[in-house]
Amino acid sequence: HPGHSVRRRVFCGGDAMRRVSLNARTAFDAQTTDEVEIALIMIEHPELDAPVRLSTDPTERLSADPLMYGTRTAWMGSDPISEPFLFILASANLPSDLEDAPAAASIIIDNVDSDIAGLLRTFTDRPIVHIAVVLASSPDLIEVEFRGMVMTGSSGNAGEISIEVSRAPIEEESVPMDRFTKDRFPGIFR
């Protein structure tokens with residue numbers, strides 16, 4: 001990838017073994033590399049016409065007018081030609097490999113468009129967020145992915161917007177799951 005002489009870190013793994021491609025492992029162990037790790041982010045919500053597809057790398061020019069860059073990949077059934085992942089100025093802290101910690105991530109987006117904050121305030125229920133890490137040289141080969149996470153919060157200021165995603169909060173599960181009826185729980189109706 002031209003212009004990328006120093007490796008950019010999108011994610012950090014823990015001590016647990018994870019399957020990664022030989023190219024990713026070689027890039028990870030090298031002092032410097034031309035390989036670029038990309039975080040692909042897909043946000044789904046019933047109120048959206050189509051999922052929002054975002055990329056942390058301007059892998060290729062998608063159009064000249066308007067000028068847009070992005071990453072073409074078939075991840076999550078996307079059509080690489082008509083559904084590219086659009087480049088945004090963002091960074092991502094992905095979930096760690098720790099067994100005792102819940103999967104949680106944060107995505108920090110540079111606030112270059114006031115429409116982003118407006119869009120985040122319109123949701124009344126939680127959007128579903130999927131995140132994957134790929135190399136720019138092989139965007140269809142998923143190095144690590146986190147599917148089915150939910151947006152648990154967002155905050156921002158004039159410079160950046162932070163989006164927190166995690167597993168679905170267990171506190172929101174209906175408890176008890178059964179209804180307390182005479183047939184189901186006869187002991188409380190004596």
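Biologist: Why does isoleucine 188 count as exposed?

Modeller: Exposed means over 50% relative accessible area, buried means under 20%, and partly exposed is in between (1.4 Å probe, protein chains only). Isoleucine 188 has 55% relative accessibility, so it counts as exposed. You'll find isoleucine 188 in the segment after β10 (160-166). Strands (E, at least two residues) and helices (H or I, at least four) are DSSP runs, numbered from the N terminus. Keep in mind that this is a predicted model: local features need pLDDT of at least 70, side-chain atom pairs count only at pLDDT 80 or more, and totals for chains, interfaces and linings use all residues. Residues are numbered from 1 along each chain as its sequence is written, and side-chain values use heavy atoms, with hydrogens and water left out.

Biologist: Which residues form a nonpolar patch on the surface?

Modeller: Isoleucine 188 does, along with Phe180 and Phe189. For a patch, residues need over 30% relative accessible area and no salt bridge; nonpolar side chains (Val, Leu, Ile, Met, Phe, Trp, Tyr) are joined within 5 Å, like charges within 9 Å. Together the three have about 320 Å² of accessible area, worked out by the Shrake-Rupley method with a 1.4 Å probe, where for residues just the protein chains shown count as cover.

Biologist: What is the mean pLDDT of the protein chain?

Modeller: It's 76, with 67% of the residues reaching 70 or more; pLDDT is the predictor's confidence in each residue, from 0 to 100. Over residues 1-17 the pLDDT is below 50.

Biologist: How many helices and strands does the protein chain have?

Modeller: Two helices and 10 strands, and from the N terminus on they run α-β-β-β-β-β-β-β-α-β-β-β. Buried residues make up 35% of the 190 in the chain.

Biologist: Why is histidine 130 called buried?

Modeller: Its relative accessible area is 6%, which puts histidine 130 among the buried residues. Histidine 130 lies in strand β8 (residues 128-135). Leaving out residues up to four places away in sequence, histidine 130 touches several others, including Leu40, Trp75 and Phe146; a contact means heavy atoms within 4.5 Å. The side chain of histidine 130 also reaches the backbone nitrogen of glycine 148 at 2.9 Å.

Biologist: And what makes valine 36 buried?

Modeller: Its 2% relative accessibility, so valine 36 counts as buried too. Valine 36 lies in the loop between α1 and β1 (37-44). The C-alpha atoms of valine 36 and aspartate 57 are 8.2 Å apart, though 21 residues separate the two along the chain.

Biologist: What makes glutamate 83 and arginine 53 a salt bridge?

Modeller: The definition asks for a side-chain nitrogen of Lys or Arg within 4 Å of a carboxyl oxygen of Asp or Glu. The closest N and O atoms of glutamate 83 and arginine 53 are 3.5 Å apart, so the pair passes the 4 Å limit. Glutamate 83 lies in the loop between β4 (67-71) and β5 (85-87) and arginine 53 in strand β2 (residues 52-55), so the pair ties together parts that are 30 residues apart in sequence. Glutamate 83 counts as partly exposed at 27%, whereas arginine 53 is buried at 12%.

Biologist: How many salt bridges does a search of the whole structure find?

Modeller: Three. Another of them pairs glutamate 60 with arginine 72, the closest N and O atoms being 3.0 Å apart. That pair links glutamate 60 in strand β3 with arginine 72 in the loop between β4 and β5, 12 residues apart. Glutamate 60 is partly exposed at 32%, and arginine 72 is partly exposed at 24%. Then there's glutamate 145 with arginine 147, where the closest N and O atoms are 3.3 Å apart.

Biologist: Which residues does a cis peptide bond join?

Modeller: Aspartate 65 and proline 66, with omega at about 5°. Proline 66 is in the loop between β3 and β4. Most peptide bonds are trans, and most residues other than glycine have a negative phi.

Biologist: What is phi of methionine 76 near?

Modeller: It's near 60°, a positive value in a residue other than glycine. Methionine 76 is in the loop between β4 and β5, and its 25% relative accessibility makes methionine 76 partly exposed.

Definitions and conventions: Polar contact = N/O pair within 3.5 Å; in protein donor to acceptor, adjacent residues only side chain to side chain.
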